[in-house]
Structure formats: C-alpha cells, structure tokens
Amino acid sequence: ARLAAAPPAMAPPGLPPGFGVSTAPPGLPPGLAGFPAAPNLPRDPLAAFLDGAGMGRYLTLFRDEEIRTLEDFRLLTSQDLHDIGLPPHDAAVLHQRTAAHYLANGL
C-alpha cells in the first residue's frame, strides 16, 4: 500500500496564507520556520575583543560606564577597570590584552 501525502500545512488563524509554514533548514527549530534569517550585521569590535579574551560577560558593565569602543577601552588603566567592578585579576588580564592588541595591530 502506498502512503498518502501529508496535507499541505496551513497558516494559523488570522495570519496570511503560507505564513510560518515553510520548511525550516536542517537544525532550525520548527517554530522558526517561515521567518526570515537575521541580518548579518557587523560585529561590535569591543564585544568581539572581550569575547576573544573570555570576558564578554563584562560588556554590559562597560556599556553602563559609557565605554562603547575599543578606543574608549584603551584609555583605561588596570586600576580603572578594577574601580568599575572587575576583579583585580580580570582587570590586569584585560589591560595586558589591550596593550598586546594594539601592539599586534600597529596602533
């Protein structure tokens, strides 16, 4: 016996036909099928730097202190970093990584 094809998926009531019923690419949760992919936005350099140092958890802290760019961040000393709430070890590591980043990039 041959299996019958599944009936076409229908949009939930109140939504336009076809909304949310396209098949999701492999690995995409089914609830996200039919929604456009997020735009590929440029990465925030400060966020990328902090993530690379394993310290992305501090991004909100820096934003709260109005430290928004690597140039702003570069002006901070280890003591400044400690004063805004980083543990002394993390402050020292980030300060060293900042210097290394700027030396490596000829800045």
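Is the crossing in which helix 1 passes helix 5 left-handed or right-handed? Here are some notes to read beside the structure.

1. This is a predicted model, in which local features need pLDDT of at least 70, side-chain atom pairs count only at pLDDT 80 or more, and totals for chains, interfaces and linings use all residues. Residues are numbered from 1 along each chain as its sequence is written, and side-chain values use heavy atoms, leaving out hydrogens and water.

2. Helix 1 passes helix 5 in a right-handed crossing (the near helix is turned clockwise from the far one by less than a right angle). Helices here are DSSP runs of H or I with at least four residues, numbered from the N terminus.

3. Who meets whom? On helix 1, Phe49, Leu50 and Gly52 touch Leu94, Arg97, Thr98 and His101 of helix 5 (contact means heavy atoms within 4.5 Å).

4. Next, look at the rings. There are two aromatic pairs (ring centres within 6.5 Å; planes under 30 degrees apart are stacked, over 60 edge-to-face, the rest tilted). Phe62 and Phe73 have ring centres 5.1 Å apart and planes at 90°, so they are edge-to-face. Phe62 sits in helix 2 and Phe73 in helix 3, so this pair ties together parts eleven residues apart in sequence. Phe49, Phe62 and Phe73 form one aromatic cluster.

Definitions and conventions
Helices (H or I, at least four residues) and strands (E, at least two) are DSSP runs, numbered from the N terminus. Rings of Phe, Tyr and Trp (its six-membered ring) pair if their centres lie within 6.5 Å; planes under 30 degrees apart count as stacked, over 60 as edge-to-face and the rest as tilted.
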